[in-house]
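I opened a notebook page for a structure I had not looked at before. My plan is to start with the whole chain and then turn to single places.

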Amino acid sequence: MRIYPHNYFWIILVCFVLVAPFNLRGQQFTKPEVINYPKSTYKAEGQNWSVTQDENRIMYFGNNQGLLRYDGEQWQLFTLPQKKVIRSVAADHEGKIFSGAFGEFGYWQKNLYGTMHYHSLNHLFKNPQFKEEEIWKIIPTANQVLFQSFSHIYSYRDGKVSSVSAPGTIMFMFPVQGKIYVDILGKGIFSIGDDLSLTAVCTDEPIRQLKVTFILPYGANDLLIGTEKSGMYCYNLTSESLRRFKSADDTYFIDNEINNGVEISDNRYAIGTISAGIVLMDSSGRILKKLDRSNGLQNNTIINLIKDKDGNCWLALDKGIAQLILHSNIEYYLDLDGHIGTVYSVALFQGHIYIGTNHGLFSAPFSDLASFDKNKLTRVPTIINQVWGLKVIDSLLFCSFNSGTAIINNGKVRLVTDTTGSWDMEPMDGAPDRLVQGTYFGVAIYKKENGRWQFSNYVHGTENQQINRLVFDKDGVLWLKHAYNGIFAIKLSPDLKSVQVIREIAKAKNLPKEADFSFFKLDGNVYLNDKSGIYTFDFKSNTIKQAPQINQRLGPYVNTQTIIADGNSGLFLIGDDNSITYKNNQTGAFQTFAFNSKLFGLVAGYENITPYTATKSFVGGEEGFVVLNKNGNSSLEDNRPPAITAIEVLSRNKKAFIDSSFIQGKDKIKLPYNKNGLILHFSAMCYTQSTQYSYCLDDGTNATWSDWTRTAVKEYDNLAPGNYIFRLKSKNTDNITTLYITVQNPWYWTSWFKALYLLLAILLIYLLVKWHRHRLNKQRLLLTKRMREEIAMQRQKNEHEILLLKQAQLSEEVVHKSEDLAKIAMDLIKKKNILKKLKAHLQSIKDSQAIEDIHAHIQKISKVLEKNAKDEENEWHLFDNGFNKVHEDFFDRLIKAYPELTAQDLRLAAYLRMNLTTKEIAPLLNISTRGVEIKRYRLRKKIHLDEHENLNDYMIRF
């Protein structure tokens with residue numbers, strides 16, 4: 001056919017339309033990375049035969065020891081009753097996991113929060129031959145599940161099992177675009193009808209004699225067929241023609257035996273081999289990548305593989321399990337053998353990539369990432385110790401390392417200074433011939449003279465200060481990050497030899513409490529940032545202020561500890577969860593790069609991001625480096641909330657998964673009181689990164705969210721009866737999972753028992769009242785008895801005391817009487833002596849003849865009598881005291897009644913009270929009887945006694 005010039009445009013356009021999608025997809029293809037799961041991780045046998053994924057993204061593996069289950073956080077192993085090897089597994093759309101073994105097939109089913117339970121289907125099929133068969137492949141369809149052994153295909157439909165015999169040995173079944181194909185050795189490829197009928201599809205040679213290991217879709221009308229030892233073929237369903245599929249390395253596939261394959265995208269395939277790992281190939285047969293033990297795969301025998309719902313591959317290996325990450329916004333370049341070490345800085349310079357690590361400086365030719373081979377990195381001989389920083393300045397590569405500073409140009413290394421320890425280096429705005437560097441010994445100045453950079457001086461005022469980071473702001477202020485003592489802002493002298501002004505941020509005004517600042521530069525300004533937000537610093541006033549516009553722009557990431565500016569186009573926000581979030585300043589969008597902790601970790605405190613293109617950047621880490629792709633796919637685009645995968649209950653320190661009786665709905669459980677301890681297992685179902693979780697248990701009074709944690713299990717002990725709400729979230733999404741938990745009252749606190757307790761309480765109160773009344777009566781009687789006894793005892797005591805008092809009184813009276821008697825006796829003796837003296841004087845008078853002697857004796861007698869008269873008063877007092885004691889204050893009462901009575905009247909009254917006669921009274925008063933009568937008359941008058949009343953009787957009665 002003749003082609004006219006004006007048709008070239010249309011030909012080129014058609015070619016572009018046909019080819020462009022493949023090229024675009026090729027550009028989106030991220031460097032695949034392998035995550036290995038050895039048997040020490042999943043705690044089962046090494047050999048795995050099959051793999052599947054259910055609707056909830058949970059992975060299942062057929063293992064020599066049983067069924068393995070993995071939800072991204074926890075591995076679990078479930079064994080068959082006879083602990084048979086599970087050869088095949090497949091998940092349907094109803095939550096069932098079908099499995100096949102030797103003489104056994106059935107399905108596993110898990111209640112909402114419990115464990116897996118196996119349901120055998122053997123009883124539905126009575127063919128004794130089945131006990132000697134092994135199920136190698138299971139394919140669920142819309143209305144049935146097909147199980148394949150080497151001789152039969154079994155169908156499980158509507159609770160019944162039926163089978164069909166094949167005309168030969170069945171190798172494998174393959175589902176392709178709604179149809180199921182089966183390879184029958186020696187017969188060719190057949191399709192299986194809904195009624196289990198077999199229809200020949202391709203019976204051409206050499207397919208009939210080959211062992212088919214996979215059948216995959218290839219375009220609209222073709223099948224890509226893989227064979228064990230003869231490479232691959234294409235079969236056109238329309239023309240029913242078979243042709244050889246030529247790959248870029250047919251010999252590789254033939255020598256290493258194809259064992260399986262899967263379509264990973266519209267024009268890419270993953271081909272698993274028996275001895276050479278896995279090969280990624282495009283639809284033209286071009287080999288995109290080979291993955292085996294030499295570059296990360298733990299085993300080269302791929303027994304089975306599938307593409308998961310995130311577009312990545314899972315490999316069941318002869319030894320272990322592997323995950324092949326195909327869709328991510330991160331490309332990993334890992335140092336698996338520890339050759340280059342921990343990466344601190346990356347630079348692209350003069351067609352080479354330079355990697356600064358703790359092992360020194362490494363380089364390799366570099367044109368683009370697609371052609372880059374990290375295995376070609378070689379050590380730069382002259383720089384063999386810790387490299388801290390690489391920067392391209394003045395068309396030269398400056399290397400700051402542990403032994404000084406070097407300049408690299410055209411592959412040659414020139415040592416500028418051998419001073420120990422240099423870190424960050426920055427050019428000076430407006431001074432193209434000056435560089436500033438942070439070192440172990442302060443701030444260093446470099447000067448360009450005669451086209452060569454040389455060390456100039458250290459800045460006076462920064463001596464012996466370990467400055468690991470520095471940057472100039474648009475006002476010429478130099479910001480310094482001390483390795484241990486925080487941040488300083490300084491102004492240099494014009495000659496750059498000393499510090500003019502220095503500000504220590506830790507001593508600034510309005511400093512937030514417990515501030516731990518870092519800094520970053522954006523639009524010429526330097527901002528301070530820590531966990532409390534973003535701040536500006538006024539150098540003149542030494543004052544810190546909030547930066548509300550920046551805080552608002554960063555939104556939920558405002559508390560990021562480390563921020564690195566990507567020019568003026570955006571900010572890299574480095575979290576403490578081994579992730580980086582990019583903030584696009586033009587669109588305002590956030591993009592998260594979450595590293596898989598099984599593969600990669602950042603260098604804490606020394607994070608470094610080097611731009612490669614407008615959309616890609618290098619990031620150094622502990623195990624190599626990665627490339628962040630802002631246009632790449634991210635597994636974080638799935639906004640599903642984390643799932644509670646299992647719940648265990650605790651009873652007397654024994655664990656058990658909850659059964660269906662505990663589950664009240666999709667998100668509700670009810671626990672008996674004796675099983676009120678919970679262990680909650682959860683997962684974000686994310687297999688390409690480590691996830692952080694936060695949770696809270698709301699009991700109506702407390703709903704505080706926990707700190708972010710990577711631990712995917714939470715235990716609550718001894719929950720009190722009541723209603724709770726458990727809330728769970730992950731950093732992958734803002735969506736929250738909710739679980740309503742009810743802990744029932746104990747059996748002794750149900751409604752019936754409460755009513756019984758009420759009746760018992762009423763009865764108890766009644767009995768208590770009766771008992772209390774009885775007790776009160778008893779106590780009252782007892783108290784009355786005790787009071788009476790105490791009164792009687794007190795009375796006896798009082799009487800006894802009265803008797804004692806009377807006895808004492810009588811004893812006292814006896815003493816007084818004895819004294820009175822003694823005194824009376826003495827008086828009588830005295831009177832007797834006086835009488836003797838009187839007698840003697842009278843005798844003397846009688847015998848005396850002289851008048852003078854008689855007068856003298858008479859005078860003596862007179863003195864004796866006078867003295868005796870005086871003693872009479874004392875005798876009266878003695879009488880008075882004795883009389884009062886006998887007659888109980890007679891005189892006091894008489895004087896009170898008749899105050900005009902004289903002493904002679906009282907004496908007479910006393911004698912009258914004693915019932916003495918006038919004659920008896922006369923000598924006592926030393927008067928005559930007539931005188932006594934006169935005194936009696938006067939006394940009657942004074943007391944106004946009637947003349948008919950006897951005076952003696954009156955005194956006696958008074």
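**Whole chain.** I looked up burial first: 47% of the 958 residues in the protein chain are buried. Buried means under 20% relative accessible area, exposed over 50%, and partly exposed in between, with a 1.4 Å probe and protein chains only. I note that this is a predicted model, where local features need pLDDT of at least 70 and side-chain atom pairs count only at pLDDT 80 or more, while totals for chains, interfaces and linings use all residues. Residues are numbered from 1 along each chain as its sequence is written, and side-chain values use heavy atoms, with hydrogens and water left out.

**Dimensions.** I checked the radius of gyration, which is taken over C-alpha atoms. The protein chain has 61 Å, but a compact globule of 958 residues would have a value near 30 Å. The globule rule is 2.2 Å times the number of residues to the power 0.38. I then boxed the C-alpha atoms along the principal axes and got roughly 215 × 95 × 50 Å.

**Elements and contacts.** I counted eleven helices and 65 strands in the protein chain. These are DSSP runs numbered from the N terminus: helices are H or I with at least four residues, strands are E with at least two. Next came contacts, meaning heavy atoms within 4.5 Å. Among those between residues at least 6 apart in sequence, 48% join residues at least 24 apart.

**Surface and charge.** The protein chain exposes about 49,900 Å², and carbon and sulfur atoms supply 52% of that area. Accessible areas come from the Shrake-Rupley method with a 1.4 Å probe; for residues, only the protein chains shown count as cover. I also compared the charges: the mean positions of the 113 positive and 100 negative ones are 5 Å apart. Lys and Arg count as positive, Asp and Glu as negative; His and the chain ends are not counted. I placed each charge at NZ of Lys, CZ of Arg, CG of Asp or CD of Glu.

**Helix H10.** Does the length of H10 agree or disagree with its residue count? H10 covers residues 929–942, and at 1.5 Å a residue its 14 residues should span 20 Å; the end C-alpha atoms are 20 Å apart, so the two agree. The expected span is 1.5 Å times one less than the number of residues. Its buried residues are Gly-931, Val-932, Arg-936, Leu-939 and Arg-940. An α-helix has 3.6 residues a turn, so residues three or four places apart point the same way. I found the buried residues of H10 packing against helix H8 (903–913), helix H9 (918–925) and helix H11 (951–957). After H10 comes His-944, with a positive phi near 55 degrees.

Glu-205 and Pro-206 are joined by a cis peptide bond, omega about 5 degrees. Pro-206 sits in the loop between strands E17 (198–202) and E18 (212–218). Glu-240 is a residue other than glycine, yet its phi is positive, near 55 degrees. I located Glu-240 between strands E20 (232–236) and E21 (241–245), and at 55% relative accessibility it counts as exposed. Gln-350 has a positive phi too, near 50 degrees. Its loop runs between strands E30 (343–349) and E31 (352–357), and Gln-350 is partly exposed at 40%.

**Two last residues.** Pro-548 is in helix H4 (residues 548–554) and is exposed, at 59% relative accessible area. Asn-631 lies in the loop between strands E56 (624–629) and E57 (643–651). Asn-631 is exposed at 58%.
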